Amino acid sequence: MYDLIVIGSGPAGYVAAERAGEAGKSVLLVEREEVLGGVCLNWGCVPTKTLLNCGKIYYAAAHGESFGVGGEVRFDFAAAMARKRKVVGQLGKGVAMLMKKAKVEVIRGAARIVAPGKVAVGQDVHQAGDILVCTGSRSARPPIPGADQAHVRDSRAILDLDQLPQRLAVVGGGVIGVEFASFFASVGVEVSVIEMLSEIAPGTDAEIARLLRTELAKKGITFHCGARVEEIAADAVRFTDAQGQSQSCAADTVLMATGRRPNVEDLGLEDVGVAIERGRIAIDAACRTNVPGIWAAGDCTGKVLLAHLASRQAECAVNNICGRADRMRYHAVPGVIYTAPEVASVGLTEAEAVERGRSVVAAKLPMSVSGRFLAEHDGRGLVKVVADKHSRMLLGVHLLGGHCSEMIYGACAMIESETRVDEIKEFIFPHPTVCEVIREAVLALRF
Ligand code: FAD
């Protein structure tokens, strides 16, 4: 009998297990894969960011004339993949160590809830006071003719390529699609992105999404927006373009980046009465399901499919399980696109704020107002801040340009702690840094 059984060892599951173990709970963590760490560590955040950085270093060196860098540069895909394996392996070992340190028992196998408080793994049934479901998500595959061919890969399978494609077609211009497109284009692959919506990076501020597309196009990526893929052939992807014309783009490799689906099947959830709404496990602000003693966190809840939110939900669930009241808030969850240039945002876009009936003031500035940005970057960048006219509270910050991923947390803290614009004006930012643009944009707000 355990205090808590956690199903799934991604950034929701292993963080939950660690926190509960540290709090003195007896914890069983069940993982069906050989490796710990879930999608994030093995097939998501970590491997993609490792490869993206290899690509950024290569691109900067190969196109560094204006920085006084030149000469013959070569990209070694095998070495980059070896680095990816090394980083993933090291972090995987780190998760195993954390579990040991927190005295969490880890077993391998597919878990199934057979009754409240009872989880079957193979022939064994384990019991616990509470169960936390952290089963994550998987790639969604729309039924496109030809999508089952060997050269058509999802975001997991493309991380196992043993050589670079010559021509890559990416179906889906969301975050995952554009990140892979950015990496492969940066190392010389001919990349096309086919997106059904009229713009890439849905959910991003419209002007920033447009600018991202423009900047990526300058690096050689061809975008087909408003296009519907009809068929994937052996050497091409055929689609209907925004004008209704049949088109095709040549591709020896195709990446299907068409969204993710929460893993809610084969877990026994319906049998024990756990409510599933639109394919996601329904939870309240404490991460409780409707069945007492069964909790859920991470991608399987379908809120915002990001690792940092998964971990925070896991902490929230564990705090409540341990009797420490905690609640989730979703208004200051940062989102980053690790392309080159990067995009980072938190809170409401101007359009969203207006849609919600807020009285809005907004300001935008080019990143080039920052001396540091100008010194270190050739491309364009943009900062936008959105505030509430009446409360003078910061509602959203949206950035495009180098360093964005590392500076957005400051804006998260300001929004989460309901900072007033007048207070931000009194904050001292270090100089020269790119983050000074946030303060400059705040100063540019006119109430
Ligand atoms: P997962 O990480 O999916 O882990 C769930 C675990 O549960 C898996 O290990 C699975 O094997 C296990 N499991 C499932 N069912 C069972 C069962 N029945 N029994 C036992 N075990 C089970 N997010 C970011 O925040 N930043 C990024 O840069 C980023 N990049 C990404 C890039 C890619 C290519 C992808 C695909 C995703 C990326 N994400 C990123 C999203 C991030 O990976 C997920 O939000 C995160 O992994 C969710 O964590 P989780 O713990 O909910 O689920």
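Mentor: Let us begin with a term: two strands pair if DSSP finds at least two bridges between them. Please also keep in mind that this is a predicted model.

Trainee: How many bridges join strand 9 to strand 15?

Mentor: Four bridges connect strand 9 (residues 167-171) with strand 15 (residues 253-256), and the two strands run parallel. Within this pair, Ala169 has Val254 of strand 15 as its bridge partner.

Trainee: In what order do the strands of that open sheet come?

Mentor: The order is 8-15-9-10-11, five strands with parallel pairing. Strand 8 (152-153) and strand 11 (222-225) each have a single partner strand, so one side of each is left without a neighbour in the sheet.

Trainee: Which strands does helix 5 lie across?

Mentor: Helix 5 lies across strand 9, strand 10 (190-195), strand 11 and strand 15, and runs at about 165° to strand 10.

Trainee: Which helices do the buried residues of helix 3 pack against?

Mentor: They pack against helix 2 (38-43), helix 4 (77-101) and helix 5 (175-186). Among the buried residues of helix 3 are Val46, Leu51, Cys54 and Tyr58. Helix 3 itself (residues 45-62) has 18 residues and reaches 25 Å from its first C-alpha to its last, close to the 26 Å expected.

Trainee: At what angle do the axes of helix 3 and helix 5 cross?

Mentor: They cross at roughly 35° and come within 8 Å. The crossing of helix 3 past helix 5 is left-handed. The residues of this contact divide into six nonpolar, four polar and two charged. On the helix 3 side they include Lys49, Leu52 and Tyr59, and on the helix 5 side Glu179, Phe180 and Phe183.

Trainee: A change of topic: where is Asp76?

Mentor: Asp76 is in the loop between helix 3 and helix 4. Asp76 has a relative accessibility of 31% and therefore counts as partly exposed.

Trainee: And what separates the C-alpha atoms of Asp76 and Ile438?

Mentor: A distance of 37 Å separates them, and the two residues are 362 residues apart along the chain.

Trainee: Which strands does helix 12 lie across?

Mentor: Helix 12 (residues 436-443) lies across strand 22, strand 23 and strand 24, at about 50° to strand 23. An open sheet of five strands has the order 20-21-24-23-22, with antiparallel pairing. Its edge strands are strand 20 (335-337) and strand 22 (360-366).

Trainee: Over how many bridges do strand 23 and strand 24 pair?

Mentor: They pair over six bridges, in the antiparallel sense. Val383, for instance, has Leu399 in strand 24 as its bridge partner.

Methods:
Residues are numbered from 1 along each chain as its sequence is written. This is a predicted model: local features need pLDDT of at least 70, side-chain atom pairs count only at pLDDT 80 or more; totals for chains, interfaces and linings use all residues. Side-chain values use heavy atoms; hydrogens and water are left out. The expected span of a helix is 1.5 Å times one less than its number of residues. Buried means under 20% relative accessible area, exposed over 50%, partly exposed in between (1.4 Å probe, protein chains only). Contact means heavy atoms within 4.5 Å. Axes are lines fitted to C-alpha atoms, for helices over the stretch in contact, and angles run from 0 to 180 degrees between N-to-C directions. A crossing is left-handed if the near helix is turned anticlockwise from the far one by less than a right angle, and right-handed if clockwise. Ala, Val, Leu, Ile, Met, Phe, Trp, Tyr, Cys and Pro count as nonpolar, Asp, Glu, Lys and Arg as charged, and the others, Gly among them, as polar.
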